[in-house]
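Here's a quick tour for anyone opening this structure for the first time. Have a look at it, and then we'll go through it topic by topic.

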Amino acid sequence: MVDHDSAYPVQPTESTQLGLWTQERLRSVARELFVDAPLVVVSNREPYLHHIDEKNNNLTWRRPPGGLVSALDPVMQAIEGGVWVAQGVGEGDRTAVDASGRVPVPPDNPAYTLKRIWLEQAEIEGYYEGFSNEGLWPLCHVVFHRPRFNASDWKHYQTVNRRFADAVLEEIGGKPAFVWVQDYHLCLVPHYLRQARPDLTIGISWHIPWPNPEIFRTCPYGVQLLEGLLAADVIGFHIRYHGNNFLATVEQELEARLDRERSRVVRSGHETLIVDIPISVDTDEEEEVARSQEAADQMEHFQVLFNLERYDHVLLGLDRFDYTKGIPERLMALDHLLQDHPEYKEKLVFLQVGEVSRMQIPHYQELNQEVEQLTQEINDRHRTTDWVPIILWREPIDRADLMALYQLADICVVSSLHDGMNLVAKEYIASRVDETGVLVLSKFTGAARELPDALLINPYDADDFAKKLDQAIQMPKAQKADRMRRMRRVVRQNNIYAWAGRFLQEMARSGGVEAR
Ligand code: GDG
């Protein structure tokens with residue numbers, strides 16, 4: 001039986017019609033598109049961080065957690081020769097770069113250039129922690145945390161956006177270029193670029209939800225944000241619903257001509273195309289890591305570390321620690337499950353994994369305390385002499401660790417209160433090379449639209465959530481395999497190269513270039 005929510009139809013995509021997108025296909029499309037004009041990606045977060053290893057007196061590096069980096073780095077590697085402009089935040093970052101802030105990455109096998117820009121502490125507080133993460137993040141996720149806006153953060157947001165745009169302009173010189181801007185930190189970059197260089201082809205991908213007009217209008221700088229975005233040629237959302245909210249917002253807030261049928265906005269003679277293309281993961285690479293010796297070694301390591309052999313059911317939650325991810329809600333659902341089904345005591349364990357993030361912001365500190373307290377309460381309520389139901393594990397992890405944990409999890413629980421897409425859900429599916437495992441997935445994620453074979457939950461409904469956990473535990477093997485097979489097919493077809501390829505093709509068409 002499939003939990004098909006009629007509000008979440010699965011759309012056949014262009015990639016299904018054209019055949020599978022692969023790294024090779026993206027590379028060959030990119031070679032044609034970017035022959036005279038390079039590709040420059042701009043995002044707040046950088047794909048690689050450098051650290052100074054004082055003990056061995058050398059530089060080390062790692063990839064930071066976060067969906068945008070997980071998705072875009074393989075794309076940039078496939079395209080080769082591009083430039084990625086981002087903020088340098090690693091304590092070894094300045095040591096690693098040349099005089100223009102550039103460093104070839106990935107450091108062990110360079111395929112493109114990372115150009116780092118440096119922000120002052122006051123700019124980080126105003127632009128990143130303030131306007132972006134205390135203002136736009138809660139505004140767009142609608143999770144009942146009031147967004148906080150103020151003139152000083154807004155000023156920093158404008159200044160820093162201009163600095164990102166200047167870094168791009170410096171990088172491309174007078175040449176034509178495709179500039180692909182990423183996310184809510186950089187709404188004004190398209191506007192600053194367009195002012196300086198009307199000829200550039202500019203796209204922006206929006207990775208988080210877009211709220212309805214009633215919510216959006218609470219932002220005092222909403223009109224400037226919309227004008228900034230509409231300077232792009234293409235704006236990409238993960239799902240149609242967010243694109244429609246954007247169009248409705250434009251209609252309410254601006255004088256502009258809307259062509260809903262063709263999903264276009266015309267303002268001051270400039271046309272912007274609004275597209276919905278679901279972001280995804282590199283299924284081939286994920287599978288390769290999942291099958292690797294390194295992942296197998298890590299599985300053994302975690303099995304011993306968490307004593308997993310003794311359990312019939314391993315449940316996993318893996319997130320960047322964020323209040324939008326519904327972590328307390330999933331712990332409360334587990335609490336309900338154990339109250340309703342004490343027979344699961346000692347038979348199951350719930351691993352909650354993931355690094356803390358944005359800890360300078362009070363809501364994140366509160367979440368951290370709340371999760372620790374809840375874990376303790378629930379563990380105390382159900383503990384036996386040598387068992388507790390929840391293990392909270394916050395150590396840094398790498399790709400092999402991730403794949404090992406996914407493969408050890410009989411059930412993966414994604415309970416976001418609201419999420420643009422959610423890549424953890426797709427990574428879990430990609431890791432299940434043996435076609436086992438159950439995905440319990442919030443219906444408020446973008447991913448739910450493509451994955452009706454997950455057990456869809458409303459994270460605010462603890463009773464039903466607990467029932468779905470029980471259903472996941474009891475699900476017959478054949479049904480698990482059927483569902484997983486179908487989900488793997490969807491994720492394989494709508495993979496990360498399909499997302500990037502389709503977006504870049506839309507950009508190229510808007511700039512008058514056609515890939516064959
Ligand atoms: C935004 C949108 C959208 C998680 N914890 C750790 C870690 N991760 C990795 C996961 C995954 C990524 O980070 C998280 O991706 P999500 O998509 O789930 O979430 P956001 O970071 O909120 O991403 C989201 C995405 O952008 C892309 O458009 O899907 O809706 O909110 O890859 O595996 N990685 C490491 N340590 C961790 O502790 N190394």
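Let's start with what sits around the ligand: the residues of its shell split into ten nonpolar, eight polar and six charged. Keep in mind that this is a predicted model. In total, 24 residues surround the ligand, and the protein's ten-stranded open sheet is worth a look too.

**Who surrounds the ligand**

- Ser70, His207, Glu355, Asp419 and Glu427 are the closest of the surrounding residues.
- Three helices, α3 (67–79), α15 (399–408) and α16 (423–431), each supply at least two shell residues.
- Of the contributors, α16 has the largest share, with three residues.

**Polar atoms facing the ligand**

- His238 uses its side chain here: one of its N or O atoms is 2.9 Å from an oxygen atom of the ligand.
- Glu355 takes part through its backbone, with an N or O atom 2.8 Å from a ligand oxygen.
- Leu423 also has a polar backbone atom 2.8 Å from an oxygen atom of the ligand.
- On its own the ligand would expose 740 Å², and the protein buries 96% of that.

**The sheet**

- If you trace the ten strands across the open sheet, the order is β5-β6-β4-β1-β7-β8-β9-β12-β11-β10, with mixed pairing.
- The edges belong to β5 (102–105) and β10 (257–259); each has a single partner strand, so one side of each has no neighbour in the sheet.
- From one strand to the next, the twist averages 20 degrees.
- As background, strands in a sheet pair up through backbone hydrogen bonds, in either a parallel or an antiparallel way.
- Strands β11 (residues 264–267) and β12 (residues 270–276) run antiparallel and are joined by four bridges.
- Within that pairing, Val266 has Glu271 of β12 as its bridge partner.

**Two spots in the loops**

- Which peptide bond is cis, with omega of about -10 degrees? That's the one joining Val105 and Pro106.
- Pro106 belongs to the loop between β5 and β6 (112–117).
- Ser268 isn't a glycine, yet its phi is positive, at about 50 degrees.
- You'll find Ser268 in the loop that lies between β11 and β12.

How values were computed. Residues are numbered from 1 along each chain as its sequence is written. This is a predicted model: local features need pLDDT of at least 70, side-chain atom pairs count only at pLDDT 80 or more; totals for chains, interfaces and linings use all residues. Side-chain values use heavy atoms; hydrogens and water are left out. A residue is near a molecule or strand if one of its heavy atoms lies within 4 Å of it. A polar contact is a pair of N or O atoms within 3.5 Å; within protein, one must be able to donate a hydrogen and the other to accept it, and residues adjacent in sequence count only if both atoms are side-chain atoms. Accessible areas come from the Shrake-Rupley method with a 1.4 Å probe; for residues, only the protein chains shown count as cover. Ala, Val, Leu, Ile, Met, Phe, Trp, Tyr, Cys and Pro count as nonpolar, Asp, Glu, Lys and Arg as charged, and the others, Gly among them, as polar. Two strands pair if DSSP finds at least two bridges between them. Axes are lines fitted to C-alpha atoms, for helices over the stretch in contact, and angles run from 0 to 180 degrees between N-to-C directions.
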